[in-house]
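Here is a friendly walk through how the chains of this assembly meet one another. Have the model open as you read, and follow along from one interface to the next.

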Amino acid sequence: PLPPKAALSRGEILRYSRQLLLPELGMRGQLRLAAASVLVVGCGGLGCPLAQYLAAAGVGRLGLVDHDVVETSNLARQVLHGEERAGCAKALSAAASLRRLNSEVEYVPYAQALCPATALELVRRYDVVADCSDNVPTRYLVNDACVLAGRPLVSASALRFEGHLTVYHYGDGPCYRCIFPSPPPAETVTNCSDGGVLGVVPGVLGCLQALEVLKIATGLGPSYSGSLLLFDALGGHFRRVQLRGRRPDCAVCGQRPTVTDLLDYEAFCGSSATDKCRPVRLL
Amino acid sequence: PLPPKAALSRGEILRYSRQLLLPELGMRGQLRLAAASVLVVGCGGLGCPLAQYLAAAGVGRLGLVDHDVVETSNLARQVLHGEERAGCAKALSAAASLRRLNSEVEYVPYAQALCPATALELVRRYDVVADCSDNVPTRYLVNDACVLAGRPLVSASALRFEGHLTVYHYGDGPCYRCIFPSPPPAETVTNCSDGGVLGVVPGVLGCLQALEVLKIATGLGPSYSGSLLLFDALGGHFRRVQLRGRRPDCAVCGQRPTVTDLLDYEAFCGSSATDKCRPVRLL
Amino acid sequence: MAAPLCVEVEFGGGAELLFDGVKKHQVTLSGQEGPWDIRNLLVWIKKNLLKERPELFIQGDSVRPGILVLINDSDWELLGELDYQLQDQDSILFISTLHGG
Amino acid sequence: MAAPLCVEVEFGGGAELLFDGVKKHQVTLSGQEGPWDIRNLLVWIKKNLLKERPELFIQGDSVRPGILVLINDSDWELLGELDYQLQDQDSILFISTLHGG
Ligand SMILES: [Zn+2]
Ligand SMILES: [Zn+2]
């Protein structure tokens, strides 16, 4: 966490003037944002638009985690990376693009996979976490680290023409394990390389995810704690469904947690967090 | 309009591989997209994310209209422009940023206001038009030009924490004048400089607008012809409302149109399309 | 004599700023001689809810240009506009169109 | 003997791919001895709707991990899970969670 910020510079007042005009946000919200730090796990289809709008809005510090390098097949949705970045680490590429947009934000690129040995310490350095990852082990790892560190987790996902968004571990709301106590069988998991995705679908979800992060960081509070937004891009449908509350018997956020340290999530899920050559899966 | 495209290059197949995997889109949809041209009216808070995802998805030609230059107060939402672009024409700045993302798209920047003398000819050169403008006269001008040229119009708007999205003049659907036959009194119109806006709100709307453009350009068809999406970012609410159909007595798309040429829209609306020093308005 | 009605009156797109910033209003319309229609409702709103500058909301006996009226999420033009007769539990939404980009 | 029921069964998040890609199914459940609950519905779905590889949808007598069940847009955990007794016109949504980014 960053120290509180007492005032904006003249340049910042000009830059954020359209937000400062909003009575619900105002100077108070902007100062809270400037003192807030957000960890972005994954600089792909969700992380790019999310980081773009968080940087533009003036969050104080943005941590950018991604072990991967930019490939041509990313460019149809990962809009922070350009053609000349092919082969560069996504975390560094994202930071470089964001710096052009807003150099007043502090960017901390981590060009490595989030791993159980260091995730907890990393998450503790940030106020809010955005899960923009693309695989099951990382989603459990991020969740457990957020619960153990006491951080709210804004989670989105996208595949084909669909997207999901929710906020975990905020107030009395559930965590990811409350909803999904057991990981899905590995053969039922589809990623974007297998199933395809229309790039603007993670675009929509990443923007909505950024909005939830901004509402948490400025004190307005999230809209999707304990509920889940389903987006169907083919029909243009949005649907909000009600999730269960926090489960007293949850393995990590429950009353007698059995998960008190981070685990081997690849073993837990029976799949890899980084291997890109997984066999084609059906679902 | 562009000539039809018969095949993708190997580089294009790689770049768009995640979209090509989608059976609803596939090679057929991608080739249609590559032969499609889209005119983006306004390179601000809506135009930036819209153009970003249209360019990433591989639309054939993007026309970029904006008379304005980049200012610091734009950067909290106009994510294609960077700090070093201050003072540059937005249309040129947008084209330069987009070229880094996808150099295979043809960009045609128009660093001038859309005006009645040339709008019709301009709109005729494109297949689909996206209204990303920020003032009432331009919205009527774009509408009338689209009706007279027979082009579908994907329209979005954003202010404060709210956004609207709809598709005009598609199939039997209404045009902007069918819904709003008379312009609002000038003193009731608020722009972002007066009322403020949270940057990610046009971000969400611009992405949704890009999605509608992509569905029209690939032949999937839009979701919001004849209906209007209302977005409330504070509550995270989406709401779709049903609009009237095309009005037989509409002045421009009706059975006996009285508007058969473009007009003086600033006089019609009693307000300016470009003057940035308007008095503060209440609504 | 028609029975009293409960309807939800909502404002959005900035129109709520004329109503103390309150977007949703649960409204009870007392029984009266004839039926309640949108024309009457506008008179009632002007008298009971409007806090300032009625000309920014009402023009003549209708809403001003640029305000879209939705009755149970459908354009009022499909339902008779000013002549639509309110039913109990109806939701009436007044949206000021946005022009910002 | 319980009366027949009409319910809407929906699949999303990719689960529809096990059902010929059809997302919405209007289903009539005939009258039977005991009431219809989600446990029975799953057996019925497996027998009547599932086109391929039932193990990707059903595990034991429940849905496989990673599928979220929503009854009238509420998490089934709030409503008794497998024991929830279906009502006429209920909407049951099976969502496969997405992990892509
Ligand atoms: Zn939990
Ligand atoms: Zn018309």
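## How the chains meet

The contact between the chains B and C draws on 41 residues from chain B and 33 residues from chain C. Keep in mind that this is a predicted model. Together, chain B and chain C bury about 2900 Å², with 60% of that area on carbon and sulfur atoms.

Charged pairs also take part here: five salt bridges are counted between chain B and chain C. One to look for joins the side chains of B:R247 and C:E77, with N to O at 3.0 Å. Polar contacts across the interface of chain B and chain C come to 13 residue pairs, both residues being at pLDDT 80 or more.

Which parts of chain B face chain C? At least two residues each come from α7 (136-149), β5 (153-159), β6 (162-168), α8 (176-179), β7 (227-232) and β8 (237-242) of chain B. The largest share belongs to β8(B), which gives four residues to the side of chain B that touches chain C. Sorted by class, that side of chain B holds 19 nonpolar, eleven polar and eleven charged residues.

Now turn to chains A and B. Among the three pairs of chains that touch, the most contacts are between chains A and B. Chain A contributes 65 residues to this contact, and chain B contributes 65 residues. The area buried between chain A and chain B is about 5200 Å², and carbon and sulfur atoms give 63% of it. Within chain A, the residues that lose the most area to chain B are A:R18, A:Y53 and A:R100, together 14% of what that side buries.

The two interfaces can be set side by side:

| Interface | Buried area | Share on carbon and sulfur atoms |
|---|---|---|
| Chain A and chain B | about 5200 Å² | 63% |
| Chain B and chain C | about 2900 Å² | 60% |

Between chain A and chain B the count is two salt bridges. In a salt bridge between B:R15 and A:E83, the closest N and O atoms are 2.5 Å apart. For polar contacts, the interface of chain A and chain B has 26 residue pairs, again with both residues at pLDDT 80 or more.

On the chain A side, the elements that each supply at least two residues include α1 (10-15), α4 (47-57), α5 (90-101) and α10 (200-217). Of the elements in chain A, α10(A) gives the most to the side that touches chain B, with nine residues. By class, this side of chain A has 31 nonpolar, 21 polar and 13 charged residues.

How are chains A and B related? The same surface serves both copies, as 100% of the contact residues of chain A recur in chain B.

Chain B and chain D do not touch, and their nearest C-alpha atoms are 11 Å apart. Chain C and chain D have no contact either, with closest C-alpha atoms 20 Å apart.

Finally, a word on confidence. Chain A has a mean pLDDT of 95, and 97% of its residues reach 70 or more. Residues 276-283 of chain A have pLDDT below 50, and this stretch has 27 contacts in the model beyond near neighbours in sequence.

Key. Residues numbered from 1 in each chain as written. Chains lettered and ligands numbered in written order. Heavy atoms only, no water. Contact = heavy atoms within 4.5 Å. Buried area = accessible area lost by both parts, 1.4 Å probe. Salt bridge = Lys/Arg side-chain N within 4 Å of Asp/Glu carboxyl O. Polar contact = N/O pair within 3.5 Å; in protein donor to acceptor, adjacent residues only side chain to side chain. Nonpolar A, V, L, I, M, F, W, Y, C, P; charged D, E, K, R; others polar. pLDDT = per-residue confidence, 0-100.
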